[in-house]
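Please consult the sequence and the structure shown here alongside the text.

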Amino acid sequence: MQNIEYIGKIVNVKMDRPLGTKHPKHGFLYEVNYGYIPNTISGDGEELDAYVLGVDKPLDEFEGRVIAVIHRTNDDDDKLIVVPDGMNFDDIEIRKLTNFQEQWFESKIVRK
């Protein structure tokens, strides 16, 4: 599995789907800020995606620490879990907060 090297690192996330926006194709609402890490490439050929947890307002950009990776086992598109430095979420909380989108995929949460 790729992308575990990001766990524990500080990254900058550029939001393309801030909290409260609708998915352009599927119409569901983003319940957390969602974006990408500039200048990276994920398994789907696009930039590496990230959920930003622990911030309850829409953001344009965010710098935080990667605490886990959602590794999709039926898709080539891992998602980083990024939080304010010093904050943590357990796997149950991560599942609950990302279920609005992850419910359609099989995945495992990976930590170091």
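The model is predicted: local features need pLDDT of at least 70, side-chain atom pairs count only at pLDDT 80 or more, and totals for chains, interfaces and linings use all residues. Residues are numbered from 1 along each chain as its sequence is written, and side-chain values use heavy atoms, with hydrogens and water left out.

**Salt bridges**
- A salt bridge is a side-chain nitrogen of Lys or Arg within 4 Å of a carboxyl oxygen of Asp or Glu, and the count comes to 6.
- Glu102 pairs with Arg72 in a salt bridge, with 2.7 Å between the closest N and O atoms.
- Glu102 belongs to helix α1 (residues 91–102) and Arg72 to strand β4 (residues 61–72), so the pair ties together parts 30 residues apart in sequence; helices (H or I, at least four residues) and strands (E, at least two) are DSSP runs, numbered from the N terminus.
- Arg72 is also buried, with a relative accessible area of 4%.
- In the salt bridge between Arg111 and Asp91, the closest N and O atoms are 2.8 Å apart.
- Arg111 is partly exposed at 31% relative accessibility, and Asp91 is partly exposed at 33%.

**A salt-bridge network**
- Asp49, Asp77 and Lys79 are linked in a network of salt bridges.
- Lys79 and Asp77 meet at 2.7 Å, N to O, and both residues are buried.

Terms used:
Buried means under 20% relative accessible area, exposed over 50%, partly exposed in between (1.4 Å probe, protein chains only).
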